[in-house]
Amino acid sequence: MLKVVFVNEHRIVEVASGKNLKTLSLELGINPHRESFRGINCGHLGLCGACQVWVKESAPGATNRRNLRETIAGTRGQRRLACQVRVLGDIEVTTFAGGDNRLRAPRPIAAPPRPTVDPTAARKPIDAAATAEFTLGHPSAVGSGTRAPTKRVASESDDEAADADAPTEEG
């Protein structure tokens, strides 16, 4: 039996010689596709390039040779199309890291609070910071509006300073 190591998914499996890599990964629940559209691919024809993975061979000839479809897709080095790879020896497969739902269900997320339906739901506090709508801050957070504005009264020293700065006419 041949050993296939899926690096990002931390899985090691033993398979028979000649097994297709894409079929193997889908049987294990590992999604080799890097596209965001689910289920939309060429179906093992090697035309879309959505199943690109990196295959590191333990020895030369651990996979089949690169075919015309992979050459047209522009795969070089360790990059291969999973749908075109046949396992003939021990290999390490690196899929795109952190793709959607590689091995587990998505992280559970609680529903957002609905204060219009549930009166006990926590509401976001009103922030006193300025926004585009309320440039001086939200009215309910700033204050009650009963405070009298401060009066600015010009003092005598302000009047004298203004007179000193004014140009004088000389004849």
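These legends accompany close-up views of a predicted model.

View 1. The predicted protein contains four helices and seven strands. Read from the N terminus, the elements follow the order β-β-β-α-β-α-β-β-β-α-α. The protein has 171 residues, and 24% of them count as buried. Its exposed surface comes to about 12,800 Å². Carbon and sulfur atoms supply 54% of that area. Contacts between residues at least 6 apart in sequence were also sorted by separation: 53% join residues at least 24 apart.

**View 2. Five strands form an open sheet.** The strand order is β2-β1-β7-β4-β5. Pairing within this sheet is mixed. Strands β2 (11-15) and β5 (79-81) are the edges, and each pairs on one side only. From one strand to the next, the twist averages 35°.

**View 3. Strand β7 pairs with β1 and with β4.** Strand β1 spans residues 2-6 and runs parallel to β7, with three bridges between them. Here Phe 6 stands opposite Val 93 of β7. Strand β4 spans residues 52-57, and β7 spans residues 91-94. These two strands pair in the antiparallel sense, over four bridges. Within this pairing, Lys 56 has Glu 92 of β7 as its bridge partner.

View 4. Which residues of β7 lie on the covered face, and which on the uncovered one? Ile 91 and Val 93 make up the covered face. Glu 92 and Thr 94 make up the uncovered face. Val 93, on the covered face, is the residue opposite Phe 6 of β1. Glu 92, on the uncovered face, is the bridge partner of Lys 56.

View 5. A disulfide is a covalent bond between the sulfur atoms of two cysteines. A search of the whole structure finds zero of them. The cut-off for a disulfide is within 2.5 Å. Seen from Cys 83, the nearest cysteine sulfur is that of Cys 51, and Cys 83 is in no disulfide.

**View 6. Cys 51 and Cys 83: buried or exposed?** Cys 51 is buried, because its relative accessible area is 2%. Cys 83 also counts as buried, at 5% relative accessibility. The limit for buried is under 20% relative accessible area.

Notes:
Residues are numbered from 1 along each chain as its sequence is written. This is a predicted model: local features need pLDDT of at least 70, side-chain atom pairs count only at pLDDT 80 or more; totals for chains, interfaces and linings use all residues. Side-chain values use heavy atoms; hydrogens and water are left out. Two strands pair if DSSP finds at least two bridges between them. Axes are lines fitted to C-alpha atoms, for helices over the stretch in contact, and angles run from 0 to 180 degrees between N-to-C directions. Buried means under 20% relative accessible area, exposed over 50%, partly exposed in between (1.4 Å probe, protein chains only). Contact means heavy atoms within 4.5 Å. Accessible areas come from the Shrake-Rupley method with a 1.4 Å probe; for residues, only the protein chains shown count as cover.
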